[in-house]
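Here are a few friendly notes to read with the model open beside you. Take the points in any order you like.

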Amino acid sequence: MGPNSHLKHRPSQDAEREFGGTLGAVCIPILLPLTVLFLMSVSRSSEAAVFRWPPPFPSADQLWDPLAPVILLGWIILQAFLYVLPLGTVSEGLALKDGTRLKYPINGFPALCVSGALLMLALGARLGDLFELLLPLALCAIALSFLFSFYLYIRSFWSPSCALASGGNTGNPLYDFFMGRELNPRIGTFDLKYFCELRPGLIGWVVINLCMLMKEVELRGSPSLAMLLVTSFQLLYVADALWNEEAVLSTMDIVHDGFGFMLVFGDLAWVPFTYSLQAAFLVNHPQTLSLAGAMAIIVLNGVGYYIFRKSNSQKNQFRRDPTHPDVAKLETVVTSTGKRLLVSGWWGLVRHPNYLGDLLMALAWSLPCGFSHFLPYFYVIYFTILLIHREARDERHCRTKYGLAWDNYCCRVPYRIFPYIY
């Protein structure tokens, strides 16, 4: 980059403000951390009542333990070490504004396996001891998210303008801090956004679930069927994401969104500490699950996973090689940019069949927790709102990019996520 590149950043004043603009950029970084601590506290309370007033926020002594920052930083250092190891392959991302393509290590699945092996060797049955440290760990992850986001915001002013994300370069400091100014911040070849997207938080989610399972064994002598289902389903989901890690390179998070508080907090704090709420609930609120009920839930998760994986694989295969026999006969709509949009196969059913599969799996993760409490269903409700919002963002971007071709596509594929409903 040139020595004066930080002086020539021209804000994108016409960029559309998302997530409520400045108001959202102020409120969300306050409300979401409080939500994480609130939900974790509710999951530990005997009533597990989300709507009780006053809310059961944890006391100061429950929130702090000097061991927590050591564990958190040690975990991130371990994941960073595994990230730079010459395992797996190297893949190129999509073309940037200047035509270049960044290279990314594809070794998330080996990192998951090595992390699990190291934890079991180091802690084994004592992994359940981490249960008492989860609230302090969550607080440390929240604090780290703010500190890291400030670093990313400040360093972005020394990046060339071509490296900035259009949606996070508005000139409004609060909004840009939240959305992220720089698209692909790197230290050398170490890509900070890509690393956080699938490593410390996602693998951390599996570790927290395992911690819950071991805590249940400690309390009751063996894990419940409900706990086994929840942890197994979510392990499959994470393992699938890491096995198919290359697919993340074409997602909105990597291609479009800057790396600011929104993604940092989501990756490091929100995902590991709220996505594990079902397992956390089951530790203190055991559920009895019949064999027939368990089989029905397994089938639901299997159907969701099948739709999710098949649709994503079809899309990724089409992007890699449209002439491949598996996708060559699929119907498409040609856009003015030359890109073709699938209007048959899974992508002719709805515009986002992968989201449909995602939501069916989310429901399957909640059902083992029974129907007596709202808390285990927070995830599926939140995730439904998230995916509908993400689909709307994608819709706006595609309509701007493809114009009339997008209107034609929408006529061919009228339903967005739920066939014949939405």
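1. The second largest cavity holds about 40 Å³ of space in this predicted model. Its lining is made up of Glu 18, Ala 165, Gly 167, Gly 168, Met 179, Gly 180, His 256, Asp 257 and Gly 258. By class, that lining has two nonpolar, five polar and two charged residues.

2. Have a look at Arg 393 next, which sits in helix α16 (residues 378-402). Is Arg 393 buried or exposed? Its relative accessibility is 4%, under the 20% cut-off, so Arg 393 counts as buried. Leaving aside neighbours within four places in sequence, Arg 393 is in contact with Glu 18, Phe 19, Met 179, Met 252, His 256 and Asp 257.

3. Now for the largest cavity, with a volume of about 70 Å³. The count of cavities of 30 Å³ or more comes to two. Lining the largest cavity are Met 40, Ser 43, Arg 44, Phe 131, Leu 134, Ile 208, Met 212, Phe 273, Ser 276, Ala 280 and Asn 284. Which helix gives the largest share of this lining? That is α1, with three residues. At least two residues each come from α1, α8 and α12 (277-284). Seven of the lining residues are nonpolar, three are polar and one is charged.

4. The second largest pocket is worth a visit too, with about 560 Å³ of space. Its lining counts 28 residues, and those nearest the centre are Ile 71, Trp 75, Leu 130, Leu 137 and Val 207. By class, the lining of this pocket divides into 23 nonpolar, three polar and two charged residues. Helices α3, α4, α5, α8 and α11 (261-274) each supply at least two residues, and the largest share, seven residues, comes from α3.

5. That brings us to α3 itself, a helix of 18 residues (67-84). From its first C-alpha to its last, α3 reaches 26 Å, close to the 26 Å expected at 1.5 Å a residue. Its buried residues are Ala 68, Leu 72, Trp 75, Ile 76, Gln 79, Leu 82 and Tyr 83. Seen down the axis of α3, these buried residues fall within an arc of 125°, so they line one face of the helix. On the other side of α3, the exposed residues include Val 70, Ile 77 and Val 84. The cover over the buried residues of α3 includes β2 (103-106), α4 (108-122), α5 (134-155), β4 (190-191), α7 (192-198) and α8 (200-220).

6. Helix α4 can be read in a similar way. Its 15 residues should span 21 Å at 1.5 Å a residue, and the end C-alpha atoms are 21 Å apart, which agrees. Gly 108, Ala 111, Leu 112, Ser 115 and Leu 119 are buried in α4. They cover an arc of only 100° around the axis, which puts them on the same side of α4. Among the elements covering the buried residues of α4 are α3, β2, α8 and α9 (225-243). Just after α4, Gly 124 takes a positive phi of about 60°.

7. In helix α9 you will find Leu 225. Its relative accessible area is 35%, which makes Leu 225 partly exposed. Beyond residues up to four places away in sequence, Leu 225 touches Leu 289, Ser 290 and Ala 294. Leu 225 and Arg 320 are 95 residues apart along the chain, and their C-alpha atoms are separated by 40 Å.

8. Finally, please check two backbone angles. Ala 48 is not a glycine, yet has a positive phi of about 50°. Where does Ala 48 lie? Ala 48 is in the loop between α1 (21-44) and α2 (60-63). With a relative accessible area of 2%, Ala 48 is buried. Tyr 420 is not a glycine either, and has a positive phi of about 65°. Tyr 420 is in the segment after α17 (404-412), and at 71% relative accessibility Tyr 420 counts as exposed.

Definitions and conventions
Residues are numbered from 1 along each chain as its sequence is written. This is a predicted model: local features need pLDDT of at least 70, side-chain atom pairs count only at pLDDT 80 or more; totals for chains, interfaces and linings use all residues. Side-chain values use heavy atoms; hydrogens and water are left out. Helices (H or I, at least four residues) and strands (E, at least two) are DSSP runs, numbered from the N terminus. The expected span of a helix is 1.5 Å times one less than its number of residues. Buried means under 20% relative accessible area, exposed over 50%, partly exposed in between (1.4 Å probe, protein chains only). The arc is that of the directions from the helix axis to the C-beta atoms. Contact means heavy atoms within 4.5 Å. On a 1 Å grid over the protein atoms alone, a cavity is a set of points where a 1.4 Å probe fits but cannot get out, and a pocket is an open set with protein on both sides within 12 Å along at least five of seven lines; lining residues have an atom within 4 Å of a point. Grid points are joined across faces, edges and corners, and a volume is the space filled by probe spheres set on the points. Ala, Val, Leu, Ile, Met, Phe, Trp, Tyr, Cys and Pro count as nonpolar, Asp, Glu, Lys and Arg as charged, and the others, Gly among them, as polar.
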